[in-house]
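Please read it with the coordinates open.

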Amino acid sequence: MIILKRLWGSSVFLVSALLCVSLASLCGHIAGRTSATAVQSTADVQTIKLPIVMYHHVLKEQARLNKYTVSPAELRCDFEYIKAQGYTAVLPSELIEYCEKGTPLPKRPIMISFDDGHESFYEYVYPMLREYGYKAVFSPVGVYTDRYSTQEDHHISYSHCTWSELKELQQSGLVEIENHSYNLHENKNGRHGSKKKQGESDGEYRKVLLDDIGKMQDECENFLGVRPNTFTYPYGQISAEALPILKEMGFKAALICQEKFNYLTGEPEELYHLNRFNRAHNDSLKAILERAESAE
C-alpha cells in the first residue's frame, strides 16, 4: 500500500509538473504573439506630414506688397514648386474624411489657404487654381462679405468677395469656404480676434462666439447652401475655452497660425489645431518649407 501511494503521489506530481510547463509555454506563446501584434499595430500607424501655406492678399502693385500681400507672379512660383515637388492640394473635408472614415489621402498632401476674403482671390487666385487643378481653402469675414455684396464701390486693392462670387467659388469644387467669424476679425476694446477677453466670464464668452460665429454659419448656409466644417481663428488667437464651443457648433477642424508642419495619424482631435506657414512677400514656399525642415 505504501508503495502504491508513493507511486500515485509521484504520478500526480509528474502530471502537475507537465501541465505547468505546458501552460507556461502556451502563455509565453500567447504573450509573444500579443507583444508582436502590439509592435505590429504601432508600426502600422501611418503618420502623414502635411504642410499648410497661408496667404491673404494678392496684388500686382509692388508698393503694396508686404508680409500679408504677395504678387500673382510669386503665387505662380509657389504653384510651380508644388507641382515640381509632387504635392497634391487637399481640403479640410478630405482631412475629416480621412480621420472619420479612413479615406486615404494622397501621398504628398499640401493645403493652400487664403484668409479674410479679399476679392483679389477671385481675380487672381481662382483662375490659377483652375489652370493648375489645385484646391484651396478660402476663409472670408462675414461682415465684409455683406458690405461688398450690397455696395457698388469695388476696387481690387481693398474690396472683398460678394456672396455671389463665393457661391461660384464653392460650386467649382476647387474652393472650400470656411468660417473666419462674422465680425471678430478686429483688435479693439480688449478683444483680439475670437480670443477670450481678460475678465470675461465663460458665459459671456460663450455667447459672443455663438452669436458671431453662428451668424456666419447661418449666412453661409443661406447664401451657399453649406455650413462650414472648419473654423479659421482670426489672427490665430486661440482660447482654451473656445474649442468646446466650436465642437458644439459642429466644427470638425480649426486653422491656426503656428508655423510648423502637421503630423496626422488619423486622430480627429489633431484637426482642431492645424498649423500654417504664412507666405510673405519676398519669400517663397520653397524657402519656407526648407527652413522648417532644417529646424526640425
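This is a predicted model: local features need pLDDT of at least 70, side-chain atom pairs count only at pLDDT 80 or more; totals for chains, interfaces and linings use all residues.

1. Overall composition. Residues are numbered from 1 along each chain as its sequence is written, and side-chain values use heavy atoms, with hydrogens and water left out.

2. Of the 296 residues in the protein, 46% are buried. Here buried means under 20% relative accessible area, exposed means over 50%, and partly exposed lies in between, with a 1.4 Å probe and protein chains only. Contact means heavy atoms within 4.5 Å. Among contacts between residues at least 6 apart in sequence, 67% join residues at least 24 apart.

3. Helix α9. Which residues of α9 are buried? In this helix, residues 285-295, they are L285, I288, L289 and A292. They lie on the same side of α9 because they cover an arc of only 90° around the axis, the arc being that of the directions from the helix axis to the C-beta atoms. The buried residues of α9 pack against β2 (52-55), α2 (72-84), β6 (109-116) and β14 (277-278).

4. The α2/α9 packing. The axes of α2 and α9 are 8 Å apart and meet at an angle of about 55°. That angle makes α2 oblique to α9. Axes are lines fitted to C-alpha atoms, for helices over the stretch in contact, and angles run from 0 to 180 degrees between N-to-C directions. Angles under 35 degrees count as roughly parallel, over 145 as roughly antiparallel, 65 to 115 as roughly perpendicular, and the rest as oblique. On the α2 side the contact is made by D78, Y81 and I82, and on the α9 side by L285, K286 and L289.

5. Aromatic pairs. The count comes to 11 aromatic pairs, where rings of Phe, Tyr and Trp (its six-membered ring) pair if their centres lie within 6.5 Å; planes under 30 degrees apart count as stacked, over 60 as edge-to-face and the rest as tilted. The pair F79 and Y132 is edge-to-face, because the ring centres are 5.5 Å apart and the planes are at 80°. Since F79 lies in helix α2 and Y132 in helix α4 (residues 120-132), the pair ties together parts that are 53 residues apart in sequence. F79 is buried, at a relative accessible area of 0%, and Y132 is buried too, at 16%. Separately, Y55, F114, F121 and F138 form one aromatic cluster.

6. Charges over rings. R108 lies over the face of Y87, 4.3 Å from the ring centre. The charged end of K247 sits over the ring of Y272, at 5.0 Å from its centre. The criterion requires NZ of Lys or CZ of Arg within 6 Å of the ring centre and within 35 degrees of the ring normal.

7. Surroundings of H57 and S157. H57 is in strand β3 (residues 57-58) and is buried, with a relative accessible area of 7%. Leaving aside neighbours within four places in sequence, H57 is in contact with Y68, T69, V70, H118, S120, I156 and S157. H57 and S71, 14 residues apart in sequence, are separated by 8.5 Å in space, C-alpha to C-alpha. S157 belongs to the loop between α5 (142-150) and α6 (163-171) and is buried at 15% relative accessible area. Not counting residues up to four places away in sequence, S157 touches H57, L59 and R64.

8. Helix α5. The buried residues of α5 are G142, V143, T145, D146 and Y148. What covers them includes β7 (136-140), α6 and α7 (202-224).

9. Positive phi values. D116, in strand β6, has phi near 90°, a positive value in a residue other than glycine; D116 counts as buried at 11% relative accessibility. Y235, in the loop between β11 (230-232) and α8 (242-248), has phi near 60°, again positive in a residue other than glycine. At 35% relative accessibility, Y235 counts as partly exposed.

Notes. Helices (H or I, at least four residues) and strands (E, at least two) are DSSP runs, numbered from the N terminus.
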